[in-house]
Amino acid sequence: MVTLNINGRDEKIDADPSTPVLWALRDNLNMTGTKFGCGAALCGACTVHVDGQAVRSCVTPIAAVVGKKIATIEAMESDKVGKAVQDAWVKHDVPQCGYCQSGQVMSATALLRAKTKPTDADIDAAMSGNICRCGTYQRIRAAIKDAAKSLA
């Protein structure tokens, strides 16, 4: 049994310490906003924040995040930066199928926390590990720029 701080709440998880954070969220806590994509940290669908940094939860064991603050897509609506990103996502009609979008939003939110006025190169670097099979990359970039403006 381990205790993890998820979205500001301490949650007890009855799982092996090597269990990936993704499965603790989905299977133990029924928090299904974080998606399984590849299981190898290559697609970004499983992105969460650990102490404010975008992390691939499919390869991060729960033992590595004990004592750290984990934020998931479920917490972004009540987060100023996360909410600005989500609003921009809607404004720019970013999602097509939507499967990758929770990871995309989490990566974009981490970027805007680190860089309030990201350049195209900053956006490309921050989002490079997030794959969108529908190809909405131009809308993602526009939404990130719009969210940055709304936060300025």
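Visitor: In which helix does D120 lie?

Guide: Helices (H or I, at least four residues) and strands (E, at least two) are DSSP runs, numbered from the N terminus. D120 lies in helix α4. Please note that this is a predicted model, in which local features need pLDDT of at least 70, side-chain atom pairs count only at pLDDT 80 or more, and totals for chains, interfaces and linings use all residues. Residues are numbered from 1 along each chain as its sequence is written, and side-chain values use heavy atoms, with hydrogens and water left out.

Visitor: Does D120 count as buried, exposed or partly exposed, and why?

Guide: Buried means under 20% relative accessible area, exposed over 50%, and partly exposed in between (1.4 Å probe, protein chains only). D120 counts as partly exposed because its relative accessibility is 33%.

Visitor: Which residues is D120 in contact with, leaving aside neighbours within four places in sequence?

Guide: Contact means heavy atoms within 4.5 Å. On that basis D120 is in contact with R141 and K145. The C-alpha atoms of D120 and R141 are separated by 7.7 Å, although the two residues are 21 residues apart along the chain.

Visitor: Where is T109 found, and is this residue buried or exposed?

Guide: T109 is found in helix α3, residues 101-114. With a relative accessible area of 0%, T109 is buried. Not counting residues up to four places away in sequence, T109 touches H49, M76, D79, V81, G82 and V85.

Visitor: How many residues has the largest nonpolar core?

Guide: A nonpolar core is a set of buried Ala, Val, Leu, Ile, Met, Phe, Trp, Tyr and Cys residues joined through side-chain atoms within 4.5 Å. The largest one here has 22 residues, and V85, W89, L112 and I144 have the most contacts inside it. At least two residues of this core come from each of α2 (80-91), α3, α4 (120-127) and α5 (137-151). A second, separate core has 14 residues, including V2, L25, I62 and I70.

Visitor: What does W89 contact, leaving aside neighbours within four places in sequence?

Guide: The contacts of W89 include V94, P95, Q101 and Q104, with I140, A143 and I144 also among them.

Visitor: How many helices and strands are there in the chain?

Guide: The chain has 5 helices and 5 strands. Their order from the N terminus on is β-β-α-β-β-β-α-α-α-α. Of the 152 residues, 45% count as buried. Among contacts with a separation of 6 or more, 58% join residues 24 or more positions apart.
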